[in-house]
Amino acid sequence: MTRSLVDQHATGYSLRQALCMARAAELAYEDEPAIEATAREWGFDRVRHHHTAFRPPFPLRDTRAYTLGGRHVIVTAFRGTEPAELRDWLSDASTPPWPGPGGRGAVHHGFAEALESVWPQVLTALKELRDDDQQVYFTGHGLGGALAMLAGARLHFEDPRLTADGVYTFGQPRTCDPGLAREFNTAFTQRMYRFVNHDDVVPQLPPEPAFRHVSALRHIDSRGAVHNTVPLGGGLLDRGRGRTADLLSPASDGIRDHGVAAYVSALERAAEQRG
């Protein structure tokens, strides 16, 4: 991961930018020295690490993220976790909701609590590093994708002076109710991009109708082509409905396609095909 992270003058969507954001999401799984070394290789001279422990009624115990500050771009990437650690979150729709940002709709309680634990650190870093009207991007994989989407929502609806220029998520689970999804879709038209790799099962959970996805889907098929819709015929959840435990097992196709490395590889192929 030694190539420049982003074209710091780029605007709008591109597969190259998506690949860069996927690499940034992948980097969130590394330790602090590795993140700092890679940030320097990517041309970022400032790095802030965010790590907070908390005690939700689920197995997850902390939230980790980092923020990179450059001359023209700021990137905050949230780390994901193993799907097995989120089994209860992903299969249970009965958890009381958390009020959505700025009073818009509602959010999955566990995801909201995970972001809440680290949000003051993230917000402080953004305000410190954005000293020359830099573009702001949020990214993350799995749980990290849910947190990236919610971070974009919080920044926009709670501090209207600043809206993220792009939110890129990879394998993001359903995160909010229909009300917040509608508000977010309106606010983030052509700025939110939600990637789903082939049969990745995590984006099909938690179950509808309590939770919904935001729009701007980008589905990667088995050949690496990127589409704006999911192919007809449904995914793994339709073929194995009612077997959430099996679908979240480490050996399942749905978990194989969920890995962050699988997203990076798929987007490398897609970017090469586009030229």
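Axes are lines fitted to C-alpha atoms, for helices over the stretch in contact, and the angles between N-to-C directions run from 0 to 180 degrees. The structure shown in these views is a predicted model.

**View A. Helix H4 packed against helix H5.** Helix H4 (residues 109-129) and H5 have axes 10 Å apart and pack at an angle of about 60°. H4 and H5 are therefore oblique to each other. The crossing in which H4 passes H5 is right-handed. On the H4 side, the contact involves Phe111, Ala112, Ala114, Leu115, Glu116, Trp119, Leu123 and Leu126; these meet Leu143, Ala146, Leu147, Leu150, Ala151, Arg154, Leu155 and Glu158 in H5. The contact of H4 with H5 comprises 13 nonpolar and three charged residues, with no polar ones.

**View B. Helix H5 packed against helix H6.** Because angles of 65 to 115 degrees count as roughly perpendicular, H5 is described as roughly perpendicular to H6. H5 contributes Met149, Leu150, Gly152, Ala153, His156 and Phe157 to the contact, and H6 contributes Leu180, Glu183, Phe184 and Ala187. Seven residues of the contact of H5 with H6 are nonpolar, two are polar and one is charged.

**View C. Helix H1 alongside helix H10.** Helix H1 (residues 15-27) and helix H10 (residues 260-274) pack at about 160°, and their axes are 9 Å apart. This angle makes H1 roughly antiparallel to H10. H1 passes H10 in a left-handed crossing. Residues Leu15, Arg16, Ala18, Leu19, Ala22, Arg23, Ala25 and Glu26 of H1 meet Val260, Ala261, Val264, Leu267, Glu268, Ala270, Ala271 and Arg274 of H10. By class, 11 residues in the contact of H1 with H10 are nonpolar and five are charged, whereas no polar residue takes part.

**View D. The open sheet of eight strands.** The strand order is E1-E2-E3-E6-E7-E8-E9-E10, and the pairing is mixed. Strand E1 (46-53) and strand E10 (226-227) stand at the edges with a single partner strand each, so one side of each is left without a neighbour in the sheet. E6 and strand E7 (residues 166-170) are parallel and share five bridges; tyrosine 137 has glycine 166 in E7 as its bridge partner. Two of the helices shown above lie across this sheet. H10 lies across E6, E7, strand E8 (192-197), strand E9 (217-220) and E10, at about 105° to E8.

**View E. Strand E3 and its partner strands.** Strand E2 (residues 62-69) pairs with E3 in the antiparallel sense over five bridges, and three residues separate E2 from E3 in the hairpin that they form. Within this pair, threonine 67 stands opposite threonine 76 in E3. E3 is also joined to strand E6 (residues 135-141) by six bridges, and these two strands run parallel. Here alanine 77 stands opposite threonine 139 in E6.

**View F. Burial of strand E3.** Strand E3 (residues 73-78) is largely enclosed by the rest of the structure, because six of its six residues are buried. In a regular strand, side chains alternate between the two faces of the sheet. Val73, Val75 and Ala77 point one way from E3, and Ile74, Thr76 and Phe78 point the other way; all of these residues are buried.

Notes: Residues are numbered from 1 along each chain as its sequence is written. This is a predicted model: local features need pLDDT of at least 70, side-chain atom pairs count only at pLDDT 80 or more; totals for chains, interfaces and linings use all residues. Side-chain values use heavy atoms; hydrogens and water are left out. Buried means under 20% relative accessible area, exposed over 50%, partly exposed in between (1.4 Å probe, protein chains only). Helices (H or I, at least four residues) and strands (E, at least two) are DSSP runs, numbered from the N terminus. Two strands pair if DSSP finds at least two bridges between them. Angles under 35 degrees count as roughly parallel, over 145 as roughly antiparallel, 65 to 115 as roughly perpendicular and the rest as oblique. Contact means heavy atoms within 4.5 Å. Ala, Val, Leu, Ile, Met, Phe, Trp, Tyr, Cys and Pro count as nonpolar, Asp, Glu, Lys and Arg as charged, and the others, Gly among them, as polar. A crossing is left-handed if the near helix is turned anticlockwise from the far one by less than a right angle, and right-handed if clockwise.
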